[in-house]
Amino acid sequence: MKFSKRSDTFASQGSPLVHAHFLCAQDLYDETNPTGYLHLGTAQNHLMDDVLSPYLKEKAQVFPEDLHYACLHGAEYFRERCATLLQNYLHIPGAKSENIVILSGATGVLEALSFCLLDEGEGIMIPAPFYSGFTHDLQTRFHGRIIPVPLDPEKGYALEREAFEKAFSMATQAGISIKAILLNHPHNPTGKIFPETELRQICDFARAHDLHVVSDEIYALSTHQPTDHQSLLTLHDPDFTHLIYGFAKDFCLSGFKLGLFYSENQDLLTRMQNISLFYGLSTAPQRLVAPLLSKPFLDTFLQESQKRLCTQLRRAKEGLETTLDVSCYPTQAGPFLWVDLRRYLPKEKTPETELALHTRWLHEYKINISPGQFFSSPQSGFFRFVLAQPQSVLDELLVRVRKEKEHRP
Ligand SMILES: Cc1ncc(COP(=O)(O)O)c(C=O)c1O
């Protein structure tokens with residue numbers, strides 16, 4: 001049988017991260033399955049399941065108009081609620097519903113944006129390490145080109161204008177035309193919230209080269225302290241700054257695939273609205289999520305979620321650092337820790353030895369963590385552990401990794 005050449009990239013197993021996810025899902029650890037996998041590979045937050053499930057069960061309502069086509073780039077009532085969320089919680093003054101496009105997940109937003117901003121082979125700069133999905137979303141189907149800008153762990157992953165200038169001039173000398181920067185703030189995989197001084201360096205650089213700045217702020221409300229995060233939209237020229245948000249992380253609703261795009265650039269907005277034909281979100285998740293976006297529920301929910309995240313991540317950091325004698329990046333947001341496991345690699349710290357550790361832990365201890373190479377980490381030996389999980393998972397993790405310490409001190 002013959003298929004299109006362009007679908008060949010989708011003909012095989014797919015990403016090893018997705019493969020590991022489904023391997024673990026069939027045999028997950030819990031108290032009834034104590035020898036199952038500890039799945040720390042997918043950035044999900046399970047800490048609020050006990051609050052969300054009963055709330056949604058009680059409030060879930062679908063209306064007759066939801067049975068039929070709604071505005072494809074998001075129902076008006078839902079975009080209005082989202083505009084209020086952006087104003088009151090992401091502190092974007094004057095955010096308007098007409099500047100919002102709702103699509104299928106932040107993934108859909110990212111791919112649609114790559115289609116609208118980049119012609120084939122055109123570049124988008126991303127500080128590395130970065131979220132592994134960017135590689136597929138920006139490159140696989142529409143062939144944008146990611147230009148990584150390496151961040152240095154010894155400098156606390158600081159954004160520095162010189163690093164951007166260097167990557168820019170190397171790429172332009174190689175004939176690549178650069179159109180945009182993509183920043184993920186707060187940052188997956190480190191959990192860093194970039195301070196204003198660092199964000200301003202990027203804004204100055206973008207201004208000097210006429211680049212769009214796309215800010216993926218999907219972890220904006222998963223901060224471990226209430227008011228840490230400052231949206232890039234409040235710092236940079238509105239015509240050039242575009243926001244990606246979603247409900248998978250802060251609202252612990254990854255299954256709903258609800259993504260949000262916000263921009264004040266009318267030309268880009270029109271393109272994104274029209275492309276929603278291919279990425280439209282069904283009416284039901286919008287209807288289910290709408291009641292969550294009102295006070296007082298939202299205040300209580302976010303406060304509780306941040307408190308649980310902070311407590312759990314602090315415990316996990318202390319536990320891993322003490323048990324394995326390693327250091328974790330001092331995370332400020334998100335459900336994960338970025339752990340320096342270089343001492344558990346042989347003398348050669350390479351992508352191969354890093355992958356070997358991942359495979360060994362998966363088979364020997366049934367622990368699934370994500371190796372840094374999937375985040376385009378410039379240094380080998382760093383791993384992301386997703387730890388917004390029940391306490392029993394964390395306890396079991398520490399029991400299993402203790403064996404690693406004992407056998408390979
Ligand atoms: C930084 C970042 N952006 C986008 C996404 C994708 O989100 P969604 O599930 O809404 O497509 C993720 C998911 O891990 C992420 O970490």
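Colleague: Which helix does L277 lie in?
Modeller: L277 is in helix 8, residues 266-279. Helices (H or I, at least four residues) and strands (E, at least two) are DSSP runs, numbered from the N terminus.

Colleague: And what should I know about the model itself?
Modeller: This is a predicted model, where local features need pLDDT of at least 70 and side-chain atom pairs count only at pLDDT 80 or more, while totals for chains, interfaces and linings use all residues. Residues are numbered from 1 along each chain as its sequence is written, and side-chain values use heavy atoms, with hydrogens and water left out.

Colleague: Back to L277: buried or exposed?
Modeller: L277 counts as exposed because its relative accessibility is 58%. The cut-offs are under 20% relative accessible area for buried, over 50% for exposed and partly exposed in between, with a 1.4 Å probe and protein chains only.

Colleague: Which aromatic pairs can you show me? How many does the structure hold?
Modeller: The structure holds 18 aromatic pairs. One of them is F130 with F134, which is tilted, at 6.3 Å centre to centre and 35° between the planes. To pair, rings of Phe, Tyr and Trp (its six-membered ring) need centres within 6.5 Å; planes under 30 degrees apart are stacked, over 60 edge-to-face, and the rest tilted. F130 is buried, with a relative accessible area of 3%, and F134 is buried too, at 0%.

Colleague: What about W361 and F385?
Modeller: W361 and F385 form an edge-to-face pair, 6.3 Å centre to centre with 90° between the planes. The pair links distant parts of the chain: W361 is in helix 11 (residues 351-365) and F385 in strand 13 (residues 382-386), 24 residues apart. Both W361 and F385 are buried.

Colleague: Which residues do ring pairs link into a cluster?
Modeller: That cluster is made of Y55, Y77, F78, Y245, F247, F251, F297 and F301. Y77 also has the charged end of R287 over its ring, 4.2 Å from the centre. For a charge to sit over a ring, NZ of Lys or CZ of Arg must be within 6 Å of the ring centre and within 35 degrees of the ring normal. K366 lies over the face of Y37, at 4.8 Å from the ring centre.

Colleague: Then what is the phi of H143?
Modeller: H143 is not a glycine, yet its phi is positive, near 60°. H143 is in the loop between helix 5 (133-140) and strand 4 (145-150), and is partly exposed at 40% relative accessible area. D325 has a positive phi as well, about 55°, and is partly exposed at 46%.

Colleague: Last one: what does the side chain of H236 contact?
Modeller: The H236 side chain makes a polar contact with the side chain of R207 at 3.3 Å, and another of 3.5 Å joins the side chains of H236 and D237. A polar contact is a pair of N or O atoms within 3.5 Å; within protein, one must be able to donate a hydrogen and the other to accept it, and residues adjacent in sequence count only if both atoms are side-chain atoms. H236 is buried, with a relative accessible area of 6%.
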